[in-house]
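We will go stop by stop, selecting a few residues each time.

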Amino acid sequence: MLIVPLTGKISRQNLPYVTIALILINAFVFFVLQAGDRKNHGKAMAFYFDSGLAKIETSRYLDYLQSEKPDEPISDSLIQKRNQRDSIALLYARMQRDDLFMTRLKSHQIITPGEEVFIEWKRLRTEYEGLLSKVVTYRYGFKPAERELITSITCMFLHGSVMHLVGNMVFLWLVGAVLELGCGRPFYVLLYFVGGFCATVLFALANMHSTIPCIGASGAISGLMGAFTVMYGRKKIKVFYSLGFYFNYAHVPAIILLPVWIGNEVFQLLFGGHSQVAYMAHIGGLIGGAGLGAANLMFLRPADEKMFEDDPTDKIPGLLEKALDRVARLDMVGARPIFEQVLEMDPDNHDALIQLYNMDKLEPHSQRFHDSAARLLRHLSNDGKAHKELHRIYQEYGGLSKSLKLHRDLLFRIASIFCEHGHLDEAERIFGLFIKTIPSFQMIPTGVLKLATAFQKGGADQKGIQYLHFICSQYPESTESRVAHQLLKRHGP
């Protein structure tokens, strides 16, 4: 079962920097610091089986099972072939999961100092553990039987595989980003480490004698999840859920997720069979995070519930579909307010702007047509890839309207874009209109210079030269005039 909270409030202007940093640190540790783990672990295991250490320890383990745990089933072939490599490998895997035996082995209760084999076994065991210490996950993973404070922290940044890392980082992003922005970065950092520490504490209590390292960020992430459910409480949030064969979205109070998540971990722990997943660590993280989240609500501040408010723009596709349906039924009166509603949410919505323009061009003499044309042309002029559509709409607008009613700044921008993309006839007409109607407009020299250089690039040198001379004669004190003089010098007398 999978249940993940969703939010769309994250943007470039509102980045969860701490969550991004945590993800990068986890990735750095795995891909750089743990890069040699597989090779070093392979060397340690090769030594273990080739040196004879495996034969010594698994033989003692088999004796231990027969004497101390007679009720546990042991196959006859395993007893008969106790010195063969396959049997040794099977016994080794079983031995590693037997926490009590491993504790007694390392405390010299299985192979005692008085035995002949003790000195050789101790030498081999010391060398083997020295090789294992070069494996980052073994050295810095949390082992309950040893309970080092430093490893209760370092284990949060270690992972056993790429998929282990990716899975945890996906959950860290989905839950962590929301909490970082919703509850503040200082508390978020505290929550990550305290949640992870609580996870290792409960795991240690449940596996007091385990010598197998516990690694992964899932305990810390569980702490975030626990705090999330408490801090958002009765706030209905959007979640994605999957039951394996079925998935969907739902809006549920956040607090409901806490018993569901804990219940899922308990179910997996009790009925999921043998697994390398540290379910007790997850439960500890959830409980610890929930407690810290409750403390935050009591003494600090509530979480920002705006993180889960519906984004109004989510309604746009449905509104557009509804408006287009009315257009198809020729209900322009009913479609117009819906398109206007879309533009209130998203002033640059291309589809709504086009539809209103197409509706209004049926009455080209109306002021509404000029307004919708101006809105659409302004939108297209801000899109660097829409110059062809800008040219088409401008020509159509000019053909339908007896006079252009566009602000001079917009008209100047359109003419400049036409210069850049080779629509020089229209650009020339627009700049000519400026020169004729508002000769004092301060941007005219800039526009004419753009026009002159565009003509020259297009191969019409004489026309370009004429405009350069025009700038020099009409605007002699301008910066553009000095540029025009330099360009004319290149062409000679």
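Predicted model: local features only at pLDDT ≥ 70, side-chain atom pairs only at ≥ 80, totals over all residues.

Helices here are DSSP runs of H or I with at least four residues, strands are runs of E with at least two, and both are numbered from the N terminus. Residues are numbered from 1 along each chain as its sequence is written.

**Stop 1: helix α5**

Select Q96. Q96 is found in helix α5, residues 85-96. Buried means under 20% relative accessible area, exposed means over 50%, and partly exposed is in between (1.4 Å probe, protein chains only). Q96 has a relative accessible area of 19%, so Q96 is buried. A contact means heavy atoms within 4.5 Å. Leaving out residues up to four places away in sequence, Q96 touches M102 and I212.

Now select M95. M95 is found in helix α5 too. M95 counts as buried, at 0% relative accessibility. Show its neighbours: with residues up to four places away in sequence not counted, M95 touches Y48, E57, T58, Y61, F101 and M102. Draw a distance from M95 to T58. Their C-alpha atoms are separated by 7.4 Å, and the two residues are 37 residues apart along the chain.

**Stop 2: aromatic rings**

Rings of Phe, Tyr and Trp (its six-membered ring) pair if their centres lie within 6.5 Å; planes under 30 degrees apart are stacked, over 60 edge-to-face, and the rest tilted. The whole structure has 22 aromatic pairs. Y64 and F101 form a tilted one, 5.0 Å centre to centre with 55° between the planes. Why does this pair tie together parts that are 37 residues apart in sequence? Y64 lies in helix α3 (residues 53-68), whereas F101 lies in helix α6 (residues 99-106). Y64 is buried at a relative accessible area of 6%. F101 is buried as well, at 0%.

Next, select Y48, F49, Y92 and Y128. Ring pairs link these residues into a cluster.

**Stop 3: charges over rings**

Select R139 and Y140, then K143 and Y138. A charge sits over a ring if NZ of Lys or CZ of Arg is within 6 Å of the ring centre and within 35 degrees of the ring normal. R139 lies over the face of Y140, 4.9 Å from the ring centre. The charged end of K143 sits over the ring of Y138, at 4.4 Å from its centre.

**Stop 4: two loop residues**

Select H108. Its place is in the loop between α6 and α7 (118-132). H108 is not a glycine, yet has a positive phi of about 65°. Is H108 buried or partly exposed? H108 is partly exposed, with a relative accessible area of 25%.

Jump to L330, in the loop between α15 (316-328) and α16 (332-345). L330 also is not a glycine, and has a positive phi of about 60°. L330 is exposed, with a relative accessible area of 67%.

**Stop 5: the nonpolar cores**

A nonpolar core is a set of buried Ala, Val, Leu, Ile, Met, Phe, Trp, Tyr and Cys residues joined through side-chain atoms within 4.5 Å. Select F339, L377, Y394, L406, I414, I430 and F434. Of the 58 residues in the largest nonpolar core, these touch the most other members. Helix α20 (residues 408-420) gives the most to this core, with eight residues.

Zoom in on F339. Not counting residues up to four places away in sequence, F339 touches L320, A323, L324, V327, A352, Q355, L356 and M359. C183 counts as buried at 3% relative accessibility.

**Stop 6: cysteines**

Select C155 and C214. A disulfide is a pair of cysteine sulfur atoms within 2.5 Å. The structure holds zero disulfides. The closest cysteine sulfur to that of C155 is in C214, 5.7 Å away, too far for a bond. C155 counts as buried, at 3% relative accessibility.

**Last stop: the whole view**

Zoom out. The protein has 24 helices and three strands. Buried residues make up 45% of its 493 residues.

Definitions and conventions:
Heavy atoms only, no water.
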